[in-house]
Every structure is written in structure tokens, then in C-alpha cells.
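Subject: Structure for your review

Hello,

Please look through the coordinates before reading on.

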Amino acid sequence: MNKKHPGGEPSPSTSPTGPAPSPDHGDATATPASAADPKRWWALAVIALAQLMVILDGTIVNIALPSAQRALGMPDADRQWVITAYTLAFGGLLLLGGRIADLVGRKRAFVIGLAGFAMASALGGAAAGPGTLFAARALQGAFAAVLAPSALSLLTTTFTDPRERAKAFGVYGALAGGGSGAGLLVGGLLTEYLNWRWCLYVNVPVALAALIGAQVFLRDRSGRRGGHLDVPGVLLGSGGLVALVYGFSEAGPRGWTSPWVAAPLMAGVLLLAAFVWWQHRAAGPLLPLRIFRDRSRAGAFATMGLATIGMFGVFLFLTYYFQAVLGYPPVRTGLAFMPVSVGIVIGATQIAARLLPRTAPHTLMASGMVLAAAGMVLLSRLTVHAQYVPHVLPGLLLVGLGMGLTFMPVYATATVGVPTQDTGAASAALTTVQQIGASLGTVLLNTIATGAAGRHSRAHGPADSGTALAEAMVHGFSVAYWCSAGVLLLAALVAALTVRRGKPSQAGSKSSA
């Protein structure tokens, strides 16, 4: 049954890059982008710059961590908090950040996020002790939780023309997928040629440039009049997400049976169950559940979650493989990851963005996941004596192309058709799924790799030499890559079965069968 326009005529089936609904007219065609926002391409540059900064900070500190630990006298038991403080605040507060963007206005939330991120970065760069650095990283994550959903929702409302929307989401998808690999390279360069503090200081001029660009090029209406914040939803949703992210982050060093892991995970599940129950009853919910009622949109969310679970382990394992097995220094390690970023850029901007206006989104998503799974299979064949170009490079390129082909249509499908007043919440939900998937995937795959390495060592005698240790480590990585390939193939199946050819229906309406 076709969905009706307000005037009674059935609306044609369109691509996910088609016009976004206006707030008052359902799926009515929006004003052409050229008339609506003549500065839209400059706006895209500003949004992309801010998004890149947020994504880079998820990995840029990783390579600098040993230097920061030595400089600040940080104990081994506490060093993980440089990473965990950021991911906890970012993943736990995303839903709140998305609703803030809807209430106060996307541009205002974008500016607040940028300014706060810059100040937190400056504080972390000047840290004289571990406590200050941990606090600064938590503040970075909190302001990133406001910045990221407002950036995505600004992109959603700025570009309404199908072809221009495809190009814009191609750029965004390339940055979202490739920023992590670029962060490793930038972190290596800054650490080796300046010092670890510049991995934080570098955000200040970038944020200032984006702030100036936001004032000049971004356009947005004010927030919702009469809107209010769902305080019980904030406490339940943010509390549940923080508990889950904390439990996942502690599972690696402590083990799944530790009470410091089991208790937060159980509390997170219970809090999120209560959150869903409350969202059905709240007058102004933090996360309107109506945005998930459309099958294609729900399928895009599920595809994103499975894709990040299967993909993000590659960065952790290859970092150890390059440095511990092949003996690469930090900068060379960062450069070795660049084919992933190049593949993502090509897949998102040159292939997916060109094909999406005339190709079913589930075709691109499923094809991308199959390509990425093939890349994981190639990586599973690595040995301690492998060479980069013939053995590592093909797998990295396939993974990158697959990520680019998948992320771009996922972002477009998950955000199209959402009413203007809910775009911040929908954008935050999608980013939350990506963040939770990355945390869960890293922990699960690391556990699988560690267990497989231990079994290999026991089966082949005591690992009393460097070669034996390296062989056990690489075997563990191989098993984890096979598991990643299986998860990515499951993501391809989910995309193929759930995401329809047409545009998702407006949130809150009954979608056609």
C-alpha cells in the first residue's frame, strides 16, 4: 500500500537520497537545495572538518599513549583510562546530545560542541598529571556527544536534492569510516616529530577554524518551542550506555567473569530495558521509538551495528601485528593503515555516491559487507613472515572499499524520512549504535584472539622464544579475522533482507508492506 501525500496522491518510491520530509508536510518534496542553501558545499566542508576531528580523537592518542604514560608517571593499571574516559562519555551521552540538538537547535549545539571540545583538548594537552588528562578526555567525549549528532542532522537537513545528498553522505561516510585509520597516522607523526601533547593541541586550531566556518556558512532554525528534556530518559538511557561501554572496556583486562565486568553489563541491560519501557510512555521521549518502526531504517541500524562489530577489531590486531611482529615504528604503522582510508574514500565518494541515486541501498550495503568479509579472509592468511604489499595490502583495500560501500548508504537510509524535530535523536542513535558496536566488537574479537593464541601455545609446547610468541599471536589474529568475516556476512544478509528499495517512511507513520 502506497503512502499518501497530504493532497491524497500516492508518493513514488524514491531512493534514500531523495528529499527529506518537511516538518509540517510529511514526505512532501522539499525546496531544492540550490534555493534553500546556496552555501551548502561550504557548510559540508565545515561539518566534515568537525566530524573528522571527533573521529580522529578516537584513535589519535593510541600511538601517543606510551609517551604520555612516561611523561606523567602513569601506572600501567590506569593507562587505559586515557582511552576509556573518552569512549565512556562519548558513547554514554550521545542520546542526550542528540536531543539537546533538537531542543536548542542544531547549529547552536554544533557550536557548543566545537567550543567545548577545543577547551577540553587544550586542558588535556597542558595536563601536568594523569588525573587532569583523564578529566580532559572525559570532557572531550562529552562535547563530542553533542557535536557528532548535530553535525549529522545538519547534513541531513542541508542536502535534500538526491544527487547532492548522495555526494554529501559519501564524504561523511568516508570520514566516519576512514578517520580512525588516519588518526593512527596523525598520532604517529605528531608523537615522533613533536610530542604526545600535540595529539590534543592539534584540535584547537581545527575547532577554531570550524567555529568560524559555522558562523559564516551554517544555517538552521531555532530549537523546538515548548520542548522539554526527558530527565528520566536521560538517567536511564545514558546510565545504561555508560554501564555497557564500561563493562565492555573492562572485559579485556579483567576477563568476562570478573564482577567489575558482569555487574556493569547486567546493570546496563536492565537500565536500557527500563529506558525502552519509559520511552513508550514519556510525553517528550529522549529517543522517539517511532523512528525505528520503518523496516528499512531499522535494517540500516542493524547493519551498522554488525558492521562495526566485525570491522573495528582490524585496527587493534593490525597495530600489534605491524609493531610487534613486523617491527614497524609508529609512523610506518600509521602509513600502513592508509590503504584502508583510501579504500573507504573511493568506496563512499566515487562508487556508492554515484550508484545510490539509481541503485537499491541494500545492494550496496550487502555488496560492501561481502567485500569486507573477503578482505578479512585474506588477512586471516597472514603469517609471521608475511610481506606488506603481496600479503597485507589486498586485504586492507578490500576492507576499505567494503566499509565505504556500506557506511554511505547506511547513513543515508537511516536518516532520510525522519521529521525535522527528531533528526538529532535519530543521528545520535545511529552514532550510538556505531560506538557500542565498535566497543563490543573490539572486546569480543580481542577475547577470541587471546584465547586462540593461548590454545595454540599449549598445543605447540611452551612459547619460550620470540618466534613462538609471534606465531601464537598471529594464529589468534587469524581466528578473530574468520569470526569478523562471519559477522560481516551476517550484516550482508540483514541488509539484503530488511532494507527495501524505496525511501523509509516518515517516522511515526505506518510504513507500507
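Are H5 and H9 roughly parallel or roughly antiparallel to each other? The model is predicted, and the axes of helix H5 (residues 106–125) and helix H9 (residues 203–217) come within 9 Å and cross at roughly 160°. Angles over 145 degrees count as roughly antiparallel, so H5 and H9 are roughly antiparallel to each other. The crossing in which H5 passes H9 is left-handed.

On the H5 side, the contact involves Lys107, Phe110, Val111, Leu114, Ala115, Phe117, Ala118, Ser121 and Ala122. These meet Asn203, Val204, Ala207, Ala210, Leu211, Ala214 and Gln215 in H9. Sorted by class, the contact of H5 with H9 has 12 nonpolar residues, three polar and one charged.

H5 also packs against helix H4 (residues 81–104), with axes that come within 8 Å and cross at roughly 150°. That angle makes H4 roughly antiparallel to H5. H4 passes H5 in a right-handed crossing, whereas H5 passes H9 in a left-handed one. From H4, the residues in contact are Tyr86, Ala101, Asp102 and Val104; from H5 they are Arg106, Arg108, Ala109 and Phe117. By class, the contact of H4 with H5 has five nonpolar and three charged residues, with no polar ones.

A further pair is helix H2 (residues 40–56) and helix H6 (residues 130–158), whose axes come within 10 Å and cross at roughly 155°. H2 and H6 are therefore roughly antiparallel to each other, and H2 passes H6 in a left-handed crossing. H2 contributes Arg40, Leu44, Ile47, Ala50, Met53 and Val54 to the contact, while H6 contributes Ala144, Leu147, Ala151, Leu154, Leu155 and Thr158. The class count for the contact of H2 with H6 is 10 nonpolar, one polar and one charged.

About 50 Å³ of space lies in the largest cavity. Which residues line the largest cavity? Its lining is made up of Tyr321, Leu379, Ser380, Leu382, Val474, Phe477, Ser478 and Tyr481. Helix H19 (residues 466–498) gives the most to this lining, with four residues. The lining divides into six nonpolar residues and two polar, with no charged ones.

Regards

Methods
Residues numbered from 1 in each chain as written. Predicted model: local features only at pLDDT ≥ 70, side-chain atom pairs only at ≥ 80, totals over all residues. Heavy atoms only, no water. Axes fitted to C-alpha atoms, helices over the stretch in contact; angles between N-to-C directions. Helix = DSSP H or I, 4+ residues; strand = E, 2+ residues; numbered from the N terminus. Parallel < 35°, antiparallel > 145°, perpendicular 65-115°, else oblique. Left-handed = near helix turned anticlockwise from the far one by under 90°. Contact = heavy atoms within 4.5 Å. Nonpolar A, V, L, I, M, F, W, Y, C, P; charged D, E, K, R; others polar. 1 Å grid on protein atoms, 1.4 Å probe; cavity = no way out; pocket = protein on both sides within 12 Å on 5 of 7 lines; lining within 4 Å. Points joined across faces, edges and corners; volume = space filled by probe spheres on them.
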